[in-house]
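Work through the following exercises on aromatic ring contacts, using the sequence and the model shown here.

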Amino acid sequence: MPDMAVDKEIERKFLVDSVPALVAYCPSSRIFQGYVRIESDGTEERLRKEVYSDGSVEFTRTIKSGGDMVRREDSIVITEEEFERDWGKTEGRVLEKRRYRIPEGEKKIELDIYASSLLGLVVAEVEFTSASEASKYVVPTWFGKEVTEDKRYKNKRLAVDGFPR
């Protein structure tokens, strides 16, 4: 079994009302994401199939701790067979989105445009190396309301509960 990458995820999340035209020039991928389990403390185990514009596909299993801006994230690349074997366990807890990677100085904005029952939802995420760096981030003018601490906008909640009301 390959080694699991253990990381601390530090990110801020924002709603986006108007997608900037520059996304047409940015790399993107289609993401199919499903949740195998979601614990009461916020811990989640998810499967992801990511299809890149060059046709390559990556399958991952990720376990994230509960939390808002700072969380533990453990990921491992898995085989397509492992993904397919466990995908059925995600029934009723799935989402689909297109992710654009937009360079912004030293940072990269991940712009997610959701599909299916979440059509119309657009979210921008920015990852940081520290909570201090995150708090000093100058938010681009095209970002809308910050939803980093709004649990309704966690992907696991979107997959289970649908579009936030």
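Residues are numbered from 1 along each chain as its sequence is written. The model is predicted, so that local features need pLDDT of at least 70 and side-chain atom pairs count only at pLDDT 80 or more, while totals for chains, interfaces and linings use all residues, and side-chain values use heavy atoms, with hydrogens and water left out.

**Exercise 1.** Classify the pair of F14 and F143 and state which parts it ties together.

Solution. Rings of Phe, Tyr and Trp (its six-membered ring) pair if their centres lie within 6.5 Å, and planes under 30 degrees apart count as stacked, over 60 as edge-to-face and the rest as tilted. The structure holds five such aromatic pairs. In one of them, the centres of F14 and F143 are 4.9 Å apart with planes at 40°, so the pair is tilted. Because F14 lies in strand 1 (residues 5-15) and F143 in the loop between helix 2 (131-135) and helix 3 (155-161), the pair ties together parts 129 residues apart in sequence; helices (H or I, at least four residues) and strands (E, at least two) are DSSP runs, numbered from the N terminus. Ring pairs also link F14, W142 and F143 into a cluster.

**Exercise 2.** Decide whether F14 is buried or exposed.

Solution. Buried means under 20% relative accessible area, exposed over 50%, and partly exposed in between (1.4 Å probe, protein chains only). At 2% relative accessibility, F14 counts as buried, and F143, with 8%, is buried.
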